[in-house]
Every structure is written in structure tokens, then in C-alpha cells.
2 protein chains.
Amino acid sequence: MELDKPTIDDNICDIDRIERYVRNNLGYDEIDYTVELLRKVPEVIRESDFNVTITYVKKKNKITILNIEPGNNENQLYGVAIDIGTTSVVVCLVDLYSKEIIDKASSGNAQIKYGADVIHRIIYSTKKNGLKHLRDAVIDETINPLLESIYIKNNIDKDNVVSLVIAGNTTMSSLFLGVHTDYLRQEPFIPPFLKSPKLIGKDIGLNVNDSAYIFLAPSVASYVGGDITAGVLSAGIWTSEENILFIDLGTNGEIVFGNKDYMMSCACSAGPAFEGGGISCGMRASNGAIEKVSIDKETLYPKLSIIGDDKPIGICGSGIIDLICQMLLSGVVDRRGKINKDLNNDRIRFNEHEIGEYVLAFKEEYGIENDITVTEVDIDNFIRAKGAIYSGAATLIESLGMDFSAIDKVYIAGGIGNNLNIENSILIGLLPDIEREKFAYIGNSSLVGSYLALVSKDAKMKLQDIGNEMTYVELSVYPTYMDEFISACFLPHTNIEQFPTVKELLGDKVKI
Amino acid sequence: MELDKPTIDDNICDIDRIERYVRNNLGYDEIDYTVELLRKVPEVIRESDFNVTITYVKKKNKITILNIEPGNNENQLYGVAIDIGTTSVVVCLVDLYSKEIIDKASSGNAQIKYGADVIHRIIYSTKKNGLKHLRDAVIDETINPLLESIYIKNNIDKDNVVSLVIAGNTTMSSLFLGVHTDYLRQEPFIPPFLKSPKLIGKDIGLNVNDSAYIFLAPSVASYVGGDITAGVLSAGIWTSEENILFIDLGTNGEIVFGNKDYMMSCACSAGPAFEGGGISCGMRASNGAIEKVSIDKETLYPKLSIIGDDKPIGICGSGIIDLICQMLLSGVVDRRGKINKDLNNDRIRFNEHEIGEYVLAFKEEYGIENDITVTEVDIDNFIRAKGAIYSGAATLIESLGMDFSAIDKVYIAGGIGNNLNIENSILIGLLPDIEREKFAYIGNSSLVGSYLALVSKDAKMKLQDIGNEMTYVELSVYPTYMDEFISACFLPHTNIEQFPTVKELLGDKVKI
């Protein structure tokens with residue numbers, strides 16, 4: 001804008017001068033702005049001798065001014081897609097013109113110090129100042145530093161960051177807004193909100209333009225959150241003719257089944273096993289994690305693949321799946337997950353309570369501090385987690401009067417990582433025994449969905465629609481779910497007929 | 001609202017439960033709310049077993065929820081009218097149903113420590129953190145404590161205070177919002193804004209409901225602010241068939257002339273003389289101020305009327321008007337305001353620079369620390385102030401091709417106080433020599449106008465219209481103004497024919 005310079009005869013006020021320019025040159029009737037923007041106006045327009053650049057969004061005959069800067073700048077405008085995971089947070093800076101991803105950064109969610117999973121954080125939130133601590137942890141200690149690091153690296157002014165799409169599970173979304181979450185975990189599990197109110201940067205204290213639009217991916221229920229609606233957006237279920245089974249293997253497990261005509265969702269109490277939680281030597285899929293395992297059927301010697309090719313520190317989700325599968329096929333465990341006491345091998349040992357464990361890595365082998373082992377308790381925990389997912393999927397599809405044969409595609413999303421072995425996942429009964437080419441790992445679909453909603457208005461509206469249209473099935477009240485779950489707490493399942501591949505591979509080891 | 005209690009089968013989220021109630025029972029389609037309100041919802045609805053009271057404003061098919069409380073409360077809702085004067089701030093709590101004034105409180109504007117008048121505060125605002133200090137002074141140190149004292153006294157919850165109308169001069173309005181003011185005092189005197197952006201409680205940090213609507217009376221120019229538009233609203237100029245001259249004798253002097261068809265305004269550089277400023281023994285119209293004076297023509301002994309009937313401390317605006325008038329009529333001063341050196345009276349004395357003074361109160365007379373005197377310099381300052389007002393009014397009316405005979409009513413507003421003697425004000429040439437019954441003192445018209453806009457939507461719209469419709473005349477560029485001003489810097493004026501009453505009273509003392 002080259003504004004007319006004020007004189008005694010043309011002495012309208014600064015903001016009216018801008019409005020007059022907008023009316024005469026851009027054709028809008030009215031301007032809207034915050035008091036924070038107004039505070040910048042007098043200095044900025046004079047600093048540049050009344051030659052300024054404004055950033056605005058239009059809405060009918062009106063514009064909202066987001067930023068004003070001195071001089072004639074061909075500004076880039078940026079948006080940010082954020083996935084707030086219970087464990088990790090990923091921030092993705094996007095050029096809003098080209099839709100290109102400029103940079104990405106991630107870190108642990110600083111809320112972890114108040115609890116490893118959502119339940120512990122909800123409990124912490126009820127303590128004095130708990131909600132505030134949790135909000136500060138995710139905003140001031142996690143997201144804002146990530147943004148700051150990206151801004152510095154890419155030489156970006158936060159005032160040019162004008163749009164955000166944020167996805168997280170229902171608890172993460174609530175804590176992000178500082179809203180009470182205690183009723184999420186108490187029957188009948190009522191979330192405070194599903195769609196967020198209108199929000200701008202200054203409402204939340206995010207390190208972005210004060211007027212930046214903030215859109216939270218809508219939740220569907222207490223345990224099907226914005227990460228799932230965003231994931232479903234990116235997986236394209238809403239436009240698919242085929243039946244898609246979407247499974248998010250993150251800190252919890254959420255499942256969606258449907259196509260363009262309907263979408264059903266449920267949450268499984270899988271816990272954090274797929275991210276290495278609840279396993280004595282478990283860890284996230286980061287450097288030092290055993291991510292792949294194969295066991296020699298004769299010697300029971302394990303061949304390990306370690307992230308970063310370094311000394312092993314622990315085992316991640318994909319490693320555990322491989323390990324349990326290999327232990328089953330080599331007869332180390334039976335179909336109940338119990339270790340065979342008749343095997344005489346130095347990698348198999350039992351403690352005084354007769355609880356068995358398998359040694360993945362002796363400390364002497366790798367020069368590490370302790371042996372890395374997987375115990376029967378670990379296996380049991382993992383079996384319960386995989387059983388929750390399998391039975392959840394089975395119940396969800398059954399609630400529609402269908403079975404797994406109706407599935408055209410299975411998309412796996414979430415923190416379990418790129419090295420998920422589909423074959424092994426089927427063999428242990430995590431995934432159904434159907435055609436292998438139907439499976440695909442789609443990564444962090446929550447972040448991808450947020451990105452899509454950030455760069456496309458249609459996608460954002462679709463995301464809102466997905467939140468409204470998805471049906472939630474509460475598994476805990478579904479009559480057959482508990483039976484399904486118990487049946488699925490075996491390797492691969494009590495009913496081996498559901499897993500013909502496994503039946504054939506196991507041969508005489510098939511009996512429970 | 002008696003909300004349905006959530007069950008596993010009726011498990012919609014808290015805020016949707018409220019929206020459903022609103023839709024089914026109140027007939028609105030949508031609800032709007034801030035994140036601050038959302039934070040209260042889960043606890044409040046459960047605390048009261050889903051029996052809650054909401055406070056809302058409607059707008060077409062939508063409501064904005066301002067507050068939610070447990071139980072079934074027949075709440076009062078309150079509004080606040082505020083007059084932010086350069087010197088004093090008045091806060092007025094109003095019951096929005098009955099429109100009754102519940103309570104009033106006032107105090108000095110804490111900004112005074114940064115400068116007595118707007119010019120000094122504007123200069124201070126350009127220092128580091130100056131703007132912030134000034135904003136904190138008026139909000140945190142002045143208005144919020146006044147509100148708090150009223151809430152405690154009347155047992156009111158700040159969340160029930162949902163609407164505010166605030167009037168102040170252009171500088172006060174800008175500093176209230178923390179907006180840069182330096183260009184108000186630099187030619188061509190451009191204000192940053194005249195109408196304020198949309199504001200709610202939390203934008204400003206006022207001690208009211210976070211969602212409370214805040215309306216700032218619009219300004220007209222750098223030195224005709226919201227106090228004047230609010231004053232004009234209360235004076236009813238906009239609806240009058242008669243020609244009204246409105247004079248605000250506050251820290252500065254602003255004048256409006258007009259009727260329902262047009263309104264012209266101007267600002268006079270009168271300074272703070274009418275509030276006792278720039279006068280050696282001057283003070284505000286508070287306890288100890290000499291507010292009325294008459295002088296015995298023979299003895300030159302002054303009869304004083306003192307506010308609070310206490311020992312005199314100084315003299316306020318109305319007292320100075322009386323005093324100068326009485327000095328003129330008794331021949332103590334001539335029409336230039338110079339003290340007659342030929343008078344032999346112990347109340348008249350001259351210093352080594354030959355500057356005369358008149359003793360209003362000897363310290364021995366009242367047992368006070370120093371004599372209270374008025375010097376020729378004080379008189380000169382006051383004459384310049386009254387000259388600015390008179391010549392401003394004359395120029396404004398002349399700009400319409402009229403003269404004082406066109407005036408049907410003169411309304412005097414502002415801090416000069418109830419005891420303004422109209423007759424004396426005319427005799428010294430502050431006010432025009434027209435029929436006395438045309439004059440009325442209307443008090444704090446800024447506060448009255450704010451109150452009207454608070455309790456009536458029509459009045460609020462009218463206030464906005466007044467801001468848009470009033471014409472501003474910049475006196476400093478008006479060709480005849482300087483001559484008018486110089487002519488008015490006499491008692492009462494160089495052209496005595498404009499003051500027939502004075503001419504007759506003065507008799508042979510008429511010559512300059």
C-alpha cells in the first residue's frame with residue numbers, strides 16, 4: 001500500500017487511512033483487526049513513509065488484517081501443521097503459497113514428566129495448577145521451542161505465520177486448550193468438547209502471529225481424537241469406494257472402518273506397547289532400538305537389526321512383533337505366550353517364580369550394562385495389546401454385519417514405525433490373515449492430515465465433516481467384545497481357523 | 001438449563017450438550033464462546049448436577065455465552081460506564097435490567113505521575129516501556145481497583161459484569177488500548193484510530209467478564225475525543241431543533257456547536273486553568289478549594305466560600321473566575337489583567353520585578369502556612385485560557401456564517417464544577433454576553449453519555465453516528481482565529497461592544 005501522507009486537510013486517522021486505501025484500491029468495504037495490530041500501525045506506517053505491506057484474509061466484503069510491515073515486501077506467508085502425540089510432538093512449517101513443506105521438527109512431549117500416558121496426565125491435571133503445568137509443558141516447553149528453532153533456521157518472522165492446523169487425541173486437544181479432562185476417564189467418558197471454539201494465536205499464547213487462525217482437528221469421542229480424524233482425512237476413507245480398515249498403532253490403538261458412505265470408529269485399550277511401553281526392555285523406535293529380529297530355529301540365536309547400527313539399548317514395537325513371531329515359529333513360546341521349559345538353551349532361563357525370559361542380547365556380547373531380555377510378563381502384556389487391536393477391529397466390522405473378508409485395504413498408521421513387518425504381525429494375530437497386498441504402512445497420518453487441512457480449504461471443511469459424520473462404537477458396552485478379546489489373547493488366536501497361514505506354518509506346534 | 005445427564009448411550013460432549021439444550025429449548029441454532037468459558041464448563045455442569053445458569057447475548061440465530069454458573073440463579077447482570085479523564089476517572093456500575101445506577105466510584109488517574117496533562121503523557125509514552133506504564137497506570141492502578149472496591153461493597157461477581165462503555169479524550173482512549181500517541185501532538189495531528197476495534201474483557205485485562213463487550217466512545221479528532229461525543233450524546237444536540245453551544249471546561253477545552261442537522265467541533269488550547277492548573281495557588285474543586293469569591297469594593301476585602309468549610313488550601317476554577325471578575329469590577333485589575341499600582345491596600349503588593357499580586361488569604365488570618373495569592377502571571381494565564389474558549393466558540397460559529405445571537409442554549413460540562421458562576425464567567429469574557437437563561441451547567445456529560453450508551457442500544461448506535469457525523473474544525477489553520485484569540489485576551493474583550501453588560505458595569509473603568 002502506498003498510503004497518502006496525512007496533511008492538515010487530509011487528517012483522517014491512521015487506521016481509517018488504511019481502510020480508505022483498502023476500499024479504493026482493493027474493493028473491500030471494511031477492515032477488521034485486533035488491538036495488537038492497531039498498536040503497531042502508527043509507527044510502522046511512518047517508519048516506511050506510508051509505504052507498507054499488509055497481510056490479510058478476506059471474508060466476503062471484509063478483510064481481516066493479520067500483519068502490517070514497513071516497505072513493499074513480497075512476503076512469504078506460512079502455516080504450521082502440528083501433531084501433538086502423547087509421546088512426541090511434530091511441527092511442520094509450510095509455505096502457504098507453494099504448499100511446500102519448508103521444514104519439520106519434532107521432540108518429546110514435555111508433558112511426559114507429568115505422566116507417560118493420557119490417564120496419568122489426566123490424573124495429574126486434577127492437582128493444583130496441574131492443568132496449567134500440562135498446558136505450559138506442551139505449549140511453552142514443546143511447541144514454542146520447536147517453532148522458534150524452525151524460525152531461526154529458516155529466517156522466518158513469526159508474524160508471517162498466519163494459519164495452523166493442530167491434531168491430537170482428545171486428551172491432548174483438551175490439555176492444549178487448558179480444559180479440564182477428568183471426565184474423559186470416568187464413565188460415561190464425556191469429552192468437554194469435540195470441535196474447538198474459534199481461536200487465534202493470542203488466545204493460546206502460541207509463538208505465531210497474534211491473529212493467526214488456529215484450527216484443531218475435531219475429535220469424535222473421548223478416545224477417538226483429532227489425530228484420528230486427521231489420519232482418516234489423509235487416508236482418504238471418506239472418498240473411497242473400497243472398504244478401508246485404518247489402524248493407528250500409537251500410544252493407544254484407534255481403529256476406523258468404512259468407505260465414502262460410512263465410517264465407524266472405536267478405541268482399543270492397547271496401551272503403549274507398540275511404542276515399547278509396558279515392556280521391561282521396551283523403548284521407542286529411536287537409535288539403539290532393536291527393530292527387527294529373526295531367530296535361528298536350531299540354535300535359537302537371534303539376529304538383530306538395530307536402529308543406528310549401534311549397541312542395542314532396548315527393543316521397539318516392530319522388534320517385539322518380530323521377536324514374538326520368531327519365538328512362536330521356533331517353538332520357544334507356545335500359543336499362550338508361555339516359554340517352553342523343555343528347551344535346553346542358555347538364552348532361555350527362569351527366575352525363582354518360574355517366570356521365563358529369552359535373552360536377546362547378553363551384556364558380554366555387546367559390551368552393554370545389562371542383558372536385554374523379554375520376559376513372559378512382557379509377552380503377556382504385548383499379547384493383550386495386540387489382542388485389543390485385533391478384537392477391536394473384528395468387533396467394529398462385525399457391528400456392520402461383515403467380517404474381515406469385506407476389507408479391501410488396511411492402512412497402518414502411528415508410531416510403530418516404518419519397519420513393521422506385516423507378515424509377522426499377521427502371524428502373531430495382530431492383523432487379520434488376509435491378502436498381504438492389501439496392507440500399507442502410511443506413517444504419521446495425523447500430521448499428513450493436518451498438512452492437507454492447512455493447505456486446502458476443502459480439506460479443512462472435509463476434516464470438520466469427518467468429525468461430524470464418523471460413528472463411534474463404544475467397545476466396552478458391545479456385547480461380544482469381551483469374548484472376542486479373550487479369544488484374541490493367544491498366538492495368533494484361539495480359533496486357528498481364522499489364521500490359515502499360521503496353522504500351516506506351525507504344523508504340530510498348533511495345539512494350545 | 002436442566003441438562004440431560006450423560007450416559008453411555010447419550011455421550012455427546014459437554015459443550016454439545018449445552019448447544020443441544022439451546023437449540024431445543026431456546027430456539028437458537030448455534031452457540032459461540034471463548035476458550036476461557038470452555039475451561040469452566042466441565043466442572044460447573046457437574047458441580048450442580050447438570051443444572052446450570054448461562055448468561056448470553058443473542059445475535060440473529062446465534063448466541064454468545066458470556067458466563068456459566070452452577071444452579072438456577074436469577075442473576076443480575078451489570079454494566080459499567082467509565083469516564084477516563086486526564087485528571088480523574090469515574091466508574092459507574094449499572095444494573096442492566098433496571099438501568100439503575102448501583103454505585104459510583106472515582107479517583108485520580110494514576111497516569112498523573114507520568115505527566116499532569118496529555119502532552120506530558122504523550123512525551124512519556126515515547127520512552128522505553130512508557131506506553132506500558134501508562135496503560136498499567138490507568139487499567140491496573142486506577143480502573144481495576146475502582147471496580148474491585150465497587151464489587152466488594154455491592155457483593156458482585158465480576159463475571160456478571162458483561163458490558164462496558166468507556167469515554168475519554170483521544171489520548172486517554174489511545175493510552176487505554178496501549179496505542180502509540182506521539183503523532184497526536186505532531187503536526188498534522190493524526191490520531192491512530194477514532195473508533196476502536198471490537199474488544200472484549202480479556203483483550204484489555206479489565207476486571208470484568210472475559211467476554212464482556214467493551215465499547216469505546218468514538219473520537220472525532222486528535223483533540224476532540226470520546227468524552228466529547230459522549231457528552232454531545234447526553235446533551236442531546238443531535239436531536240435538537242435549537243442551536244446548542246456545548247463547552248467542555250475540563251483539562252482542555254472542547255466546543256461543539258450545532259443541532260440535529262449538523263455538528264461542528266473544535267479544540268481550544270486552554271490548558272488546565274479551569275481545573276486550577278497553571279495558577280500558582282490553583283487546585284481542583286475539592287476540599288479546601290476557594291470556590292467562590294466576592295470583593296468589597298471599598299476595603300478590597302475578599303469574602304471566600306471554601307469547599308468543606310475548612311481552611312483554604314488554594315483556589316479552583318470557579319473561584320478564579322469569581323476573583324478575576326471581582327478584581328475587574330472593583331478596579332483592582334484593568335482590562336488587560338494588570339493590577340492597579342495606585343491602590344494603597346495591604347492586599348495588593350508587588351515583587352522586585354514589579355509583578356503584582358492580590359492576597360486572597362493571609363496566613364495569619366486562617367492559620368495556614370503561606371499566604372494564598374493570585375499574581376498577574378496567574379491572571380494572564382487564566383485570561384489566555386478563557387480567551388481560547390471564547391475565541392474558539394466565536395470562530396466555530398463564525399465558520400457557519402453566524403454569530404452568538406444564533407445560540408439558543410449553552411451547555412457547560414466538565415470538571416470546572418457545580419459552582420461555576422455564569423454571570424461572572426460572562427463578565428470576564430469566558431462566555432458570550434447573551435441571555436442568562438440560555439446557560440446551563442450539565443456536569444460530567446461524558447459519564448452521562450457513557451451511561452446512556454450502556455443502557456440503550458439506540459443510544460450506543462447514536463454515539464457511533466455522532467462520531468461519524470461531527471465535523472472537526474482545526475482552529476490553528478482557521479484564518480481569523482488568531483485575531484479572535486488576541487482580541488479575547490482582555491477582560492472581557494478588546495471589543496467591549498460584544499459585552500454590553502460589562503460596558504455598563506465598568507462605567508469609566510472601561511478604557512484599556
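Trainee: What covers the buried residues of H3(A)?
Mentor: This is a predicted model. In it, the cover over the buried residues of H3(A) includes helix H4 (130–154) and helix H5 (170–177) of chain A.
Trainee: Which residues of H3(A) are buried?
Mentor: Helix H3 spans residues 118–125 of chain A, and its buried residues are Val118(A), Arg121(A), Ile122(A), Tyr124(A) and Ser125(A). They lie on the same side of H3(A), because they cover an arc of only 160° around the axis.
Trainee: And what does Asp117(A) do at the start of H3(A)?
Mentor: One of its side-chain oxygens comes to within 3.2 Å of the backbone nitrogen of Ile119(A).
Trainee: Which strands pair with it?
Mentor: Strand E4 (residues 78–84) of chain B pairs with E5(B) in the antiparallel sense over 7 bridges. Strand E6 (residues 101–108) of chain B also pairs with E5(B) in the antiparallel sense, over 7 bridges.
Trainee: How many residues sit between the strands of each hairpin?
Mentor: The hairpin of E4(B) and E5(B) has 3 residues between them. The hairpin of E5(B) and E6(B) has 5, and there Lys99(B) takes a positive phi near 65°.
Trainee: Last topic: what rotation superposes chain A on chain B?
Mentor: A rotation of 180° does, with 0.0 Å of shift along its axis and an RMSD of 0.1 Å. That is the relation of a two-fold axis.

Notes:
Residues numbered from 1 in each chain as written. Chains lettered and ligands numbered in written order. Predicted model: local features only at pLDDT ≥ 70, side-chain atom pairs only at ≥ 80, totals over all residues. Heavy atoms only, no water. Buried < 20%, exposed > 50% of the residue type's maximum accessible area, 1.4 Å probe, protein only. Helix = DSSP H or I, 4+ residues; strand = E, 2+ residues; numbered from the N terminus. Arc of directions from axis to C-beta. Contact = heavy atoms within 4.5 Å. Polar contact = N/O pair within 3.5 Å; in protein donor to acceptor, adjacent residues only side chain to side chain. Least-squares fit on C-alpha atoms with pLDDT ≥ 70 in both. Pairing = 2+ DSSP bridges.
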